[in-house]
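Reader: I would like to learn how to read an interface. Please take me through one.

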Protein chains: 2
Amino acid sequence: SLLPTSTMSAELKAQKRQKFEHVFSVIREELLTHFDGEGMPKDASQWYRSNLDYNVPGGKLNRGMSVVDTVEILKGSALTDDEYFKAAVLGWCIELLQAFFLVSDDIMDSSVTRRGQPCWYRNEHVGLIAINDAFMLEGAIYFLLKKHFRSTSYYVDLLELFHETTYQTEIGQLIDLITAPEDHVDLNKFSLEKHRLIVIYKTAYYSFYLPVALAMYMSGIRPTSGDKDGYALARSILIPLGEYFQIQDDYLDFAGTPEQIGKIGTDIIDNKCSWCINTALAYATPEQRAVLDQNYGRKDAEAEKKVKTVFEEVGVRQKYAVYEEDAYKRIMGLIETIPAGGLGQDGEVKLKREVFKSFLDKIYKRQK
Amino acid sequence: SLLPTSTMSAELKAQKRQKFEHVFSVIREELLTHFDGEGMPKDASQWYRSNLDYNVPGGKLNRGMSVVDTVEILKGSALTDDEYFKAAVLGWCIELLQAFFLVSDDIMDSSVTRRGQPCWYRNEHVGLIAINDAFMLEGAIYFLLKKHFRSTSYYVDLLELFHETTYQTEIGQLIDLITAPEDHVDLNKFSLEKHRLIVIYKTAYYSFYLPVALAMYMSGIRPTSGDKDGYALARSILIPLGEYFQIQDDYLDFAGTPEQIGKIGTDIIDNKCSWCINTALAYATPEQRAVLDQNYGRKDAEAEKKVKTVFEEVGVRQKYAVYEEDAYKRIMGLIETIPAGGLGQDGEVKLKREVFKSFLDKIYKRQK
Ligand SMILES: [Mg+2]
Ligand SMILES: [Mg+2]
Ligand SMILES: [Mg+2]
Ligand SMILES: [Mg+2]
Ligand SMILES: [Mg+2]
Ligand SMILES: [Mg+2]
């Protein structure tokens with residue numbers, strides 16, 4: 001739909017989600033039909049089905065559905081069934097990539113729950129087999145791209161985009177893991193600059209640039225060399241947008257109520273390299289810094305409270321309000337570098353401001 | 001070199017290995033130069049360097065070097081420096097793929113040592129970060145393929161070959177993990193048929209088909225539809241060859257002396273779905289079966305001894321001798337389906353029997 005999500009009724013939203021979910025059931029059967037066709041045992045096939053069902057479709061699906069939305073905006077009219085299906089397959093490939101990352105991240109972080117259920121690796125009989133299950137979720141992406149896009153002119157672009165985005169996310173994950181190990185607190189390793197790097201590599205590329213770039217390829221927009229490249233332009237807007245999104249996420253983990261964010265924030269207890277701690281570190285007095293050093297990342301409600309008090313004292317709330325206003329204006333400014341009539345040759349599909357505005361609208365001043 | 005390995009002097013072998021290892025030092029610097037160029041912190045760069053150095057070059061390098069050997073055989077004369085380098089890059093991509101699998105397999109199997117040193121995840125400060133380190137080894141493959149092969153006509157073939165081989169290996173790993181979990185013995189799940197499936201998917205595709213297929217693409221052999229396809233032919237020989245190799249590996253784990261195989265076999269203690277146990281199960285009397293059920297997969301030298309006694313009683317040694325002779329003849333027969341002058345059009349690079357004979361020669365009656 002071309003309506004902004006905010007003005008869409010709950011019923012329409014549910015319908016939209018269901019339509020997208022239906023495509024998952026199709027590709028899941030494609031994956032399992034191939035698997036069974038290779039002569040694999042029934043118990044292995046059941047296992048793979050559980051892996052897919054448990055880990056892929058249960059999230060908010062924002063990343064996946066945004067591919068479909070973007071293809072629709074670029075086309076400027078309703079998609080044919082075939083166009084919808086192909087865009088949705090690309091969307092599910094992002095959801096598979098995210099599932100690959102989340103299943104393995106939960107193991108590395110010793111997490112307990114994810115999306116309201118036990119983390120996959122915590123299920124009986126799963127354990128560290130979850131590592132290979134994560135691999136298979138990634139492997140499924142390339143099976144699907146080959147099946148549905150092999151004959152397109154932009155097939156190799158899709159492959160490279162997935163390779164590069166995967167590698168970028170892994171690089172971000174590495175920096176995060178060695179900067180903020182769950183079991184060893186050292187705030188000297190933290191900084192707003194490090195935070196920025198982690199956020200861009202670990203989150204922004206796959207969550208924001210990837211869906212739009214996939215939609216652009218599918219819409220026939222070709223990369224060009226020089227300063228008119230739509231992909232470079234999209235990246236220059238979507239990476240700051242992803243950074244803003246994650247800073248907001250970090251802020252809400254501290255300042256959002258459980259009713260708002262649907263969970264209890266644990267970033268302080270988990271030693272997360274969050275925007276809040278990095279902002280506090282940048283402004284803390286030596287006394288406040290000592291409180292942070294002694295209490296950050298401890299599995300202890302009293303310690304968490306002391307950290308929150310320092311956050312309030314240094315004015316994290318007010319600094320966030322300033323950051324958000326500035327980020328919004330800055331990103332709007334970037335979006336307005338796109339010509340009002342879109343970027344691209346007449347007669348070809350043009351990159352439009354609306355693509356980016358629709359992302360920004362969904363994020364700005366969201367409470368959850 | 002075109003000489004069979006067996007007649008090559010130790011000095012020549014060492015030179016050959018050194019030349020191949022030198023290429024690793026080049027691509028490692030390429031990976032790190034890109035990493036540093038993205039503005040990553042020094043400690044992360046050091047970490048990635050350690051990950052690469054610790055996990056990629058320390059093995060036998062048979063898989064990687066066989067790409068170079070095969071390109072040389074297909075060309076029929078010495079390689080130029082550029083040809084050597086490109087073939088070696090493809091070889092190192094297999095070694096990276098294997099490192100990705102081994103680093104993660106060791107975590108899933110709770111292994112202690114690998115290649116004479118502690119498994120990577122067992123190093124202090126590494127732990128489960130090794131999961132993401134494994135991902136980065138896989139990610140490095142696509143960075144290197146793009147850097148060195150993007151402008152070739154067979155680039156997309158290389159990408160698809162790595163995708164498919166990776167997925168096949170992951171599928172084999174899944175079957176292995178649920179058939180023979182390290183901590184739960186159930187011999188009812190075992191069978192020679194299951195063993196075959198695990199071996200083909202988990203080992204044969206990436207160890208035997210992958211190096212030859214990569215060399216074929218690099219040599220300009222095009223896949224064709226119909227029954228003259230060189231890739232299908234290569235697969236039809238190399239998959240049985242890989243099966244033979246793994247059965248031999250399983251056999252030597254039981255029957256080889258530590259001096260021969262350079263380690264002490266632990267397949268029985270580790271509950272491995274090995275050719276030996278599956279053969280014993282196929283021929284055991286109910287009494288022998290009871291001994292196997294009670295003693296297989298226990299961390300206990302007495303239990304291991306009882307299993308070995310049953311292996312001797314059912315005649316695993318003699319059955320292996322029969323299997324090996326049959327496998328050798330069968331694979332030779334398959335190789336001889338290739339026309340003596342090679343498969344392919346005159347004036348083009350032809351697929352030669354010698355490619356496969358050189359593999360078979362290295363394996364037949366090896367003692368380690
Ligand atoms: Mg986590
Ligand atoms: Mg994490
Ligand atoms: Mg968060
Ligand atoms: Mg193992
Ligand atoms: Mg294993
Ligand atoms: Mg073995």
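**Reading the interface**

Author: Start with the salt bridges. The rule finds six across the interface of chain A and chain B. A salt bridge is a side-chain nitrogen of Lys or Arg within 4 Å of a carboxyl oxygen of Asp or Glu. This is a predicted model, where local features need pLDDT of at least 70, side-chain atom pairs count only at pLDDT 80 or more, and totals for chains, interfaces and linings use all residues. Side-chain values use heavy atoms, without hydrogens and water, residues are numbered from 1 along each chain as its sequence is written, and chains are lettered from A in the order in which they are written.

Reader: Which residue forms a salt bridge with B:Lys146?

Author: A:Glu164 does, with the closest N and O atoms 2.5 Å apart.

Reader: How is the size of an interface given?

Author: Often as the accessible area lost when the parts come together. Here buried area uses a 1.4 Å probe and is summed over both parts. Chain A and chain B bury about 4400 Å² between them. Carbon and sulfur atoms carry 71% of it. A:Phe135, A:Tyr167 and A:Leu174 supply 16% of the area that chain A buries against chain B, more than any other three residues.

Reader: How many residues of each chain are in contact?

Author: Contact means heavy atoms within 4.5 Å. By that rule, 47 residues of chain A meet 47 residues of chain B.

Reader: What does A:Leu145 contact, leaving aside its neighbours within four places in sequence?

Author: Its contacts include A:Leu90, A:Cys93, A:Tyr155 and A:Phe162.

Key:
Buried area = accessible area lost by both parts, 1.4 Å probe.
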